[in-house]
Amino acid sequence: MPPRPQIITSITAMQAQALAWRAAGKRIGLVPTMGALHEGHLSLVEAARKENDFTVATIFVNPTQFGPREDFAKYPRTLEQDIALLSPAGCDVVFAPTAEEMYPPHCTTAIEPPQVASVLEGTFRPGHFRGVCTVVLKLFELVPSERAYFGQKDYQQQLVLRHMVRDLNLPVKIVTCPIVREANGLALSSRNRYLSDAERNSALGLSVALQRVSHACQQGESDGATLRDLMRSTLTEHGIDRIDYATLVQADTLEELSVIRSPAVALIACHVGTTRLIDNQCL
Ligand code: PAF
């Protein structure tokens with residue numbers, strides 16, 4: 001059994017450890033998270049372990065990426081459980097700073113996100129990607145890493161971060177890992193724990209809608225409007241009536257497609273009860 005990871009809460013200690021590893025020629029794999037870990041996060045740790053000498057998972061519920069009416073206050077904080085999950089996963093360090101450590105009162109600098117942040121989540125969660133880019137850039141500075149691992153579940157987030165890395169010439173490679181799903185298709189998410197049993201059934205509508213679209217594309221359907229209708233009607237059939245978007249876009253630019261051509265991605269964001277869920281499927 002691998003040893004329990006070292007827990008670091010101070011920025012100075014984290015940076016010193018990471019720089020010492022780098023000076024010794026070691027490669028660091030960074031797995032940024034907000035905690036409330038599940039198998040999806042553990043798959044990122046697993047990938048990082050395979051490709052690097054040391055793996056650092058960060059656990060920080062980043063206040064700057066939540067809107068005023070979002071779930072920052074109630075977002076699950078399960079540090080002890082998270083550490084227990086990370087230990088057998090072979091993570092070397094858990095960096096779990098406080099909000100005061102990350103954002104002291106003088107800290108007013110923020111990152112202007114790239115163009116691809118302006119649509120989809122950017123429309124429904126104004127300021128979200130500004131918060132994500134700012135905290136992730138800080139983490140890249142605190143833990144200078146060879147590679148950083150993100151889940152495809154947050155498709156737009158990994159794309160935004162890829163564009164940020166490209167535009168700012170950051171010396172880190174973004175690795176996107178596949179979505180991990182329950183056997184019934186539900187994409188794992190820290191927010192699934194908010195769902196009642198009935199809501200979990202409704203939530204299956206997201207993966208069913210994506211499967212139907214994927215199947216229809218494979219059968220030769222390429223009309224964007226028809227495919228969007230198919231997603232919406234599937235969500236409605238599952239009792240989901242508050243849909244932020246259910247759309248098909250070009251995979252690199254997120255431009256809406258009226259005729260589907262590869263590489264494309266189907267993306268959904270909708271509300272199941274009071275829980276907002278997202279999911280996607282590359283086509
Ligand atoms: O995907 C998340 O959990 C967060 O957006 C991230 C990347 C850890 C930044 O806070």
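Here is a short walk through this structure, one selection at a time.

Before you start, know that this is a predicted model, in which local features need pLDDT of at least 70, side-chain atom pairs count only at pLDDT 80 or more, and totals for chains, interfaces and linings use all residues. Residues are numbered from 1 along each chain as its sequence is written, and side-chain values use heavy atoms, with hydrogens and water left out.

**Stop one: the ligand.** Select the ligand and show what surrounds it: Pro 32, Thr 33, Met 34, Asn 62, Gln 65, Val 135, Phe 150 and Gln 157 (a residue counts as near if one of its heavy atoms lies within 4 Å). Now pick out Gln 65, with a side-chain N or O atom 2.6 Å from an oxygen atom of the ligand. Then try Gln 157, where a polar side-chain atom sits 2.7 Å from a ligand oxygen (a polar contact is a pair of N or O atoms within 3.5 Å). On its own the ligand has 290 Å² of accessible area, and the protein covers 88% of that (Shrake-Rupley method, 1.4 Å probe).

**Stop two: a pair of helices.** Next, select residues 128-142, helix H6, and residues 155-167, helix H7 (helices are DSSP runs of H or I with at least four residues, strands runs of E with at least two, numbered from the N terminus). These two pack at about 55°, with axes 11 Å apart (axes are lines fitted to C-alpha atoms over the stretch in contact, and angles run from 0 to 180 degrees between N-to-C directions).

**Stop three: two loops.** Jump to Ser 262 and Pro 263, joined by a cis peptide bond with omega about 0°. Pro 263 is in the loop between strand E7 (242-250) and strand E8 (264-272). Finish at Leu 120, a non-glycine residue with a positive phi, near 50°. Look for Leu 120 in the loop between helix H4 (99-102) and helix H5 (121-124).

Definitions and conventions: A polar contact is a pair of N or O atoms within 3.5 Å; within protein, one must be able to donate a hydrogen and the other to accept it, and residues adjacent in sequence count only if both atoms are side-chain atoms.
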